[in-house]
Amino acid sequence: MSELPAKPVKKPKRVLPERFVSYKGVWVFIEHEHGHVHPVSWELLGKGRELADKLGVELAGVLIGAPGPKIAALAGETFAYGADLCYLMQDAVLHDYRNQAYTAAITTLVNTYQPEILLLGATTQGRDLAGSVATTLLTGLTADCTGLEIDLADRSMLSSRPTFGGSLMCTIVNLATRPQMATVRPRVMPLPVKDPKRPGRIVEHAFDLAEESIVTKVIDFIPDSRADKPQLAFADYIVAGGRGMGKPENFDLLFSLAKTLGAEVGASRPAVHAGWADAERQVGQSGKTVRPKFYLAAGVSGAIQHRVGMEGADVIAAINVDANAPIFDFSNYALIGNALELLPALQTAFAARLAQTRARVTRSAPKEE
Amino acid sequence: MHIAVCIKQVPDSAQIRVHPVTNTIMRQGVPAIVNPFDLFALEEALRIKDRTGARVTVLSMGPPQAEDALKKCISLGADDAILVTDKAFSGADTLATSYVLAAALRTLHEKQPLDLVFTGKQTIDGDTAQVGPGIAIRLGYQLLTYVSRIAKIDVQDSRIVVERRAEGGVQVLESRLPAVITMLEGTNTIRFADMPGMFTAARQQTQHWNREAIGITDLTQVGLKGSPTVVAQVFAPKPKAVRALRIEGETPAAMAEAFVDKLFTDYPQLEEALLEHLDQLAAQEQQS
Ligand SMILES: Cc1cc2nc3c(=O)[nH]c(=O)nc-3n(C[C@H](O)[C@H](O)[C@H](O)COP(=O)(O)OP(=O)(O)OC[C@H]3O[C@@H](n4cnc5c(N)ncnc54)[C@H](O)[C@@H]3O)c2cc1C
Ligand SMILES: Nc1ncnc2c1ncn2[C@@H]1O[C@H](COP(=O)(O)O)[C@@H](O)[C@H]1O
């Protein structure tokens, strides 16, 4: 949840030691693997832009990898997504992500150019790297944040995240060391609009470790076959089911509606635990965070752990027999009734409406010309 | 071969409730358990013990009652249990926690050299996944996070090969011992304690180590003082300002029609985007 707490934040009394006062600028680690930038990095540039503007400092992308045309192109993209400059470290040793090499690379850059904020995605790579970098630099790190704000009074970053299994949110500050570090959940911050003409400058810095000094070797990479895995995190349309679906066969109703809408099927944790849906489909605190244009929840009560994973959806509709179900507190539309009856009815209604609109558009199209 | 497993006692978060009026956490009566993610780490260590006869030591930093969690690990088959406990350690964030655990592991290493340190992927109360990486950096051990399988261990040669969950695939890594492994959940099935195990756990003493025992003299590195991050506020998520619009309808069909109509009247751009999306899917299908 990105909203700020209503009550003012109570900060303990701590002074920033003199040596950190000169630390300036907001940095975003640009995570890429096999030529593919993780979208969370662009999302973070969007948020980072906001923080940097508020602080009146520059926003930088941090790009680390093997030399080549690919990485040069990525530097340009960081500008398009809002960075003013890009710290670039290229070396063959940095070809694959390895903790030791990347930790050395980032800590060198931080110690040289001294940013006040360093953000990374809360991905397997980002969390592996952030923990090591923070410990090496002996600075504070807040994990898996869902909200970031600046308190201009002391230039500190307020990092919010779910706590106690998601029942509550907490705001964490780091007042005594720099940089202030945070990893941020993918799909929580919106993707900024890309401006390919935005200029920026590249600051190159040499990497000074040889391959012999990097202990761990990558001997293989087995990519997930994309085809047979649901791409829930990036789906624009999701129909999700919870315990209220009653039994595994009833999930077919969701798959059937999903087909009509070209949607992905999501599930609450109890539905996944019961084996009604694949673990890949779980939405929420311990599953995926999604940000679709449309989210339909059927037989989902709307527990906070589910909510944190889907409340970023543009439009939310919920089906529930219980008019007082918490899910209606954060849905746009309430369909109070039995999901087992309403889902097939919705499929029919959607199919009819879409066919109608399509027919109208095709008929009227020639007239427009 | 000597393996240490770091475990934490946590409140069973499935049973935590928030007071509806005061928004405070109601901890009374919430049972304490071994952090569920740590059990996958323990099981992996016990499997290595089963194969090689390795010694498995479980280690936890926490208050005296955390001993129960360590006893549970003994009942499952761990050989030794050490509770690192000292008033000065309370209020620690991950940086201060890894400082203490690393000091304890160094002490343990002096008694019998360590080959592997396991941690869970993350705790369910802290939820940071930072303590494992922190320990590795502080000890100068190789860090292998999100490990889904240990393919090979060669203690003679100090080599290890693991599979690690990365973004978009699995990395196969070859590394050197000693290493810190954070174990991915769901990668093994945890055994049950048997009768002899439970008797051992009841009989066996848990060692308690305070700050002197692990050679900590610099109190600015531990507990609240050694923690750069502080919780400034705890708050309940704000309810959305608008309540859901209730869709009326005598029958499911009528309600469904009313909903679809209302949805696309309120959000015409959604209908456009949806039609475009369906066209794209149809085109893709034709191609393949
Ligand atoms: C640490 C932790 C992490 C968690 N992570 C997640 C997570 O990632 N994702 C997640 O979803 N949960 C998570 N949970 C669990 C969460 O707290 C809730 O228990 C869960 O979301 C509830 O799932 P549900 O809504 O499907 O089931 P329930 O809460 O049982 O709700 C079922 C709903 O279906 C309705 N219903 C019943 N029959 C029908 C019918 N025929 N038609 C229409 N409605 C019907 C009922 O009125 C009810 O509202 C987590 C919990 C913890 C402690
Ligand atoms: N107080 C502690 N004592 C022992 N091990 C811990 C402690 N805190 C964290 N760990 C270990 O570090 C892992 C990651 O914890 P966390 O960074 O809190 O998510 C856990 O799964 C444990 O294995």
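H6(B) and H7(B) are roughly perpendicular to each other (angles of 65 to 115 degrees count as roughly perpendicular, under 35 as roughly parallel, over 145 as roughly antiparallel, and the rest as oblique). The model is predicted: local features need pLDDT of at least 70, side-chain atom pairs count only at pLDDT 80 or more, and totals for chains, interfaces and linings use all residues. Residues are numbered from 1 along each chain as its sequence is written, chains are lettered from A and ligands numbered from 1 in the order in which they are written, and side-chain values use heavy atoms, with hydrogens and water left out.

**The helix pair in chain B**

- Helix H6 spans residues 252-266 of chain B and helix H7 spans residues 268-287 (helices are DSSP runs of H or I with at least four residues, strands are runs of E with at least two, and both are numbered from the N terminus).
- The two helices pack at an angle of about 100 degrees, with their axes 4 Å apart (axes are lines fitted to C-alpha atoms, for helices over the stretch in contact, and angles run from 0 to 180 degrees between N-to-C directions).
- H6(B) makes the contact through B:Leu263, B:Phe264, B:Thr265 and B:Asp266, and H7(B) through B:Pro268, B:Leu270, B:Glu271 and B:Leu274 (contact means heavy atoms within 4.5 Å).
- By class, this contact has five nonpolar, one polar and two charged residues (Ala, Val, Leu, Ile, Met, Phe, Trp, Tyr, Cys and Pro count as nonpolar, Asp, Glu, Lys and Arg as charged, and the others, Gly among them, as polar).

**Ligand 1**

- Ligand 1 lies between chains A and B.
- There are 27 residues around ligand 1 (a residue is near a molecule or strand if one of its heavy atoms lies within 4 Å of it).
- A:Arg243, A:Ser268, A:Ser286, A:Ser301 and A:Asn320 come nearest.
- A polar side-chain atom of A:Ser268 sits 2.5 Å from a ligand 1 oxygen atom (a polar contact is a pair of N or O atoms within 3.5 Å; within protein, one must be able to donate a hydrogen and the other to accept it, and residues adjacent in sequence count only if both atoms are side-chain atoms).
- A:Ser286 places a polar side-chain atom 2.6 Å from a nitrogen atom of ligand 1.
- A polar backbone atom of A:Gly299 is 3.2 Å from an oxygen atom of ligand 1.
- Alone, ligand 1 exposes 990 Å², and the protein buries 81% of that (accessible areas come from the Shrake-Rupley method with a 1.4 Å probe; for residues, only the protein chains shown count as cover).
- Helices H6 (269-273) and H7 (304-310) of chain A each supply at least two shell residues.
- The shell has seven nonpolar, 17 polar and three charged residues.

**Ligand 2**

- Of the 19 residues around ligand 2, B:Cys6, B:Asp38, B:Thr123, B:Thr128 and B:Ala129 come nearest.
- A polar side-chain atom of B:Asn35 is 3.4 Å from a ligand 2 oxygen atom.
- Ligand 2 exposes 490 Å² when taken alone, and the protein buries 97% of that.
- S6(B) gives the most to this shell, with three residues.
- The shell has seven nonpolar, nine polar and three charged residues.

**Backbone exceptions**

- Most residues other than glycine have a negative phi, and most peptide bonds are trans.
- A cis peptide bond joins A:Arg178 and A:Pro179, with omega about -5 degrees.
- A:Pro179 is in the loop between strands S10 (168-174) and S11 (180-184) of chain A.
- In chain B, the bond from B:Leu177 to B:Pro178 is cis, with omega near -5 degrees.
- B:Pro178 is in the loop between strands S11 (169-176) and S12 (179-183) of chain B.
- A:Gln114 is not a glycine, yet its phi is positive, about 50 degrees.
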